[in-house]
Protein chains: 2
Amino acid sequence: MAATQALYDELLELWRKALLLGSVQSQLGWDEQTYLPPGGAAHRADQMSLLAGMVHQQLTAPRLGELISALEAGEKPAGSDGVFEANLREARRRYDRLTRLPTRLVEELTRVTSLAQQNWVEARKKSDFAMFRPWLEKIVALKREEASALAGGGGGGVPFDALLDEYEPGAKAAEVAKIFAALREALVPLVQVIANSKKRPDVSILTRRYPKAAQVEFAKSAAAVIGFSFQDGRLDESPHPFCSGMGPGDCRLTTRYDEHHFPGAFFGVLHEAGHGLYEQGLDPKAFGTPIGEAASLGIHESQSRMWENFVGRSQAFWKHFYPQAQAKFPEALASVPRDGFYAAVNDVRPSFIRVEADEVTYNLHIMIRFELEQQLIAGALQPADVPAAWNAQYTQALGITPPKDAEGCLQDIHWSGGMLGYFPTYALGNMYAAQLFEAARKALGDLDSQFSKGDFVPLRTWLKDNVHRLGRQFPPGRLVERITGRPLSHQPLVAHLKAKFEPLYGL
Amino acid sequence: MAATQALYDELLELWRKALLLGSVQSQLGWDEQTYLPPGGAAHRADQMSLLAGMVHQQLTAPRLGELISALEAGEKPAGSDGVFEANLREARRRYDRLTRLPTRLVEELTRVTSLAQQNWVEARKKSDFAMFRPWLEKIVALKREEASALAGGGGGGVPFDALLDEYEPGAKAAEVAKIFAALREALVPLVQVIANSKKRPDVSILTRRYPKAAQVEFAKSAAAVIGFSFQDGRLDESPHPFCSGMGPGDCRLTTRYDEHHFPGAFFGVLHEAGHGLYEQGLDPKAFGTPIGEAASLGIHESQSRMWENFVGRSQAFWKHFYPQAQAKFPEALASVPRDGFYAAVNDVRPSFIRVEADEVTYNLHIMIRFELEQQLIAGALQPADVPAAWNAQYTQALGITPPKDAEGCLQDIHWSGGMLGYFPTYALGNMYAAQLFEAARKALGDLDSQFSKGDFVPLRTWLKDNVHRLGRQFPPGRLVERITGRPLSHQPLVAHLKAKFEPLYGL
């Protein structure tokens, strides 16, 4: 028993040092997106690559493998409450993943994706897929190699599952496809009837002038009211909004401001603050342990989408915040009734750009990407054929055809960064959000009345206790089942969308 | 010969990796002073301590010692131009210093000083020495341990010299004391006659309203005109202004703004930009080699003080910049003639705050700190007695007694950061600056006429060629002797001060 404890302590200490170094990588990454002077890019790449190599080396150290095996073979420590087993499970999962990848492949992927991302920026600017194609070909080839190395080389594993597992531990493409199909079946007719509705909100009010300084103040105050701690975090600007949890007491959000587009920054900040509440709600004592981080990207996204959409785009939320919004932006909003504003921020219409899509059509964007990337990894779709396949999918699912690749298959950064298997977590996040929100409603009573009074403490506390503090103790599917009493389903999301949008569009 | 080259390459590669990791420490340090949320302090201390330990371990690796010894014993590479020898000299110096320090002490110092700095910020804000005292006690105890380890434990070395050598390679406290005494002998009577002069500039014009946004713009534009590249650098705010060169293409300045005190931020930025020009003038190809950094802190300070005082507080500088200043700050300066402004920014009078002190009294502030920190390291002064000793010294040297510790012994960040032995480099820097500036005048002709036209290229280029690009190729004393033809002397500084201030005060 004493021996077990010593081995366990050694495992946790090695892990903690590696993740502490990993948190330095996050800091460098944040700085790169916010304050790094242009001339420092090459030096920053050298720093990042050095750290990435060191962290990888530390997490694949043979001693770590020995410790994990010894602990698996030994007795559990006395009074183990599941944390020991979860740490061991997660350490094994990550160690195995990392050690299955040849160093050459890791280095090559790092090099190629770093160049490919720069190239993608240019290609997107010029809407020139031909320019990006050779890079996509290289990346798909490398990711196929990675998927097959991770899936155990003919051991019966599904290659795409191995990629998915990086972002959503334990998820299987076949199961994701099934739940996506069910969701799609409900969404397509809903999009259709909304498109046919005579009711159309006046969205022009959202592109009036919203001075930047007032946007910053308003967004920060809303983030603080829902519970994001600025004692333990910040809000800065970056070209692509993100949230980075660097460790206990340090979580940083970014956004971008457009003086003639209110929703971008405001709902962007609510979204990132939702991620931030998760990071700030993790158990600080568990930092650096295998289970000390968020359960999965899907669960992470459930938090951001819940605060952005289920809370932030609700009637109740604006009952509290709309008078403040009118006071902050009198020029734009003084003469706009709350109902008109509420309808405008919930405008539904098929569009080309995923990150600007409404709650209803958003998931269709994800399904298209999921379908295409599975085909790419299976070798059933060639990178050269992506634009045609992309456009065909949009035409079929949303009834619109991108006029150019910048508004089509070149719009997202993910593939250029080698992140295949990442997209599904966005739609999973929406479904997790709906199912968790439904459970929160049951547990907490009249959430709307709380929101109308500006009281977000019950929801935040419930999420912290049931989701945040547990970290990675449970795989995402089990976590949701544990909280809501049933496996993940598309139904709560469909129910939420119908309950919200049918009245809005007079259906 | 081929063997020598291989050993040398291996040495440089190990060194480069360690310094690249060291540059990550700089990044974390900069962030700590600028954007770190308060709640992240403890986590940041953990990160810093981890990196400090790793860098220390890498720079004390036995293999490095073997390589240095083998290269010292072997032949020089063909065509060696002094760079090989200088790299070897500097590698030996640093390796020997570091191997004398136990890793535990290095990590402990990093951890304690990271926390102490956060604490100092609070203590200074509240002017509460009692709050800071336990941290100062910890730090002094650790620095005494460090000094005695470095001095070789009874090997006859002077402990304080060992601390000094960190910042000013090769400097000895006894020699510094001697040159300080000579300088003091000239300064005290000069301060005295100026104090007795009937001429007093109207300094109230400097505390009129200078809107912050205009201060930021004006300071940035001046920094750019003297040659600081914002493509390769930034200017941010921090409680204590500093310059951090993180590596090629990334050099960051900070300052602080007071809307009712013009000189603080403006000359602060010129000062830090002077440091920045040094960092930006280093040979980027030499980054990561033992001689790839600045020669010493004294030489570094010579650059900042030269741009701040010898250039920035000159008549010629304001011939160019004053019309712009009047246009930026019409409310404060429209009715002020240039001579009055020039006299005001060169006001000499005993004051409490070192960083705001004039050129004449500044060095007396340094001598006080040098005296006190020698006593602290010798154990002749207890940290608890610092406020009383500090105030007594100010009363004696400058005839004024700080009314509170925020304007006394809590004003500087250095001790909270463990930087004992650092202060003397400021006064050395002033003397280096005077001696180098005298040489520049001889080499470049009528500098004043160039400055009046806003042309700072000749001086900057001369400094870059003679000082910046050489990095650490020569020890500081030899560098100055090489450029100016004689060893460091207090006389050029005294001559500069007399030539400038005697006419200003009608002496």
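**Exercise 1.** Work out whether Phe266(A) is buried or exposed.

*Solution.* Phe266(A) has a relative accessible area of 2%, so Phe266(A) is buried (under 20% relative accessible area, with exposed meaning over 50% and partly exposed in between; 1.4 Å probe, protein chains only).

A word on the model before we go on. It is predicted, so local features need pLDDT of at least 70 and side-chain atom pairs count only at pLDDT 80 or more, while totals for chains, interfaces and linings use all residues. Residues are numbered from 1 along each chain as its sequence is written, chains are lettered from A, and side-chain values use heavy atoms, without hydrogens and water.

**Exercise 2.** Describe the aromatic pair of Phe266(A) and Trp318(A).

*Solution.* Start with the total: 71 aromatic pairs over all chains (Phe, Tyr or six-membered Trp rings with centres within 6.5 Å; planes under 30 degrees apart are stacked, over 60 edge-to-face, the rest tilted). In this pair, the centres are 5.4 Å apart and the planes are at 45 degrees, which is tilted.

**Exercise 3.** Classify the pair of Phe180(B) and Phe370(B).

*Solution.* The ring centres lie 5.3 Å apart with planes at 75 degrees, so the pair is edge-to-face. Phe180(B) belongs to helix 8 (residues 173-196) and Phe370(B) to helix 15 (residues 362-378) of chain B, 190 residues apart. Phe180(B) is buried at 3% relative accessibility, and Phe370(B) is buried at 4%.

How values were computed: Helices (H or I, at least four residues) and strands (E, at least two) are DSSP runs, numbered from the N terminus.
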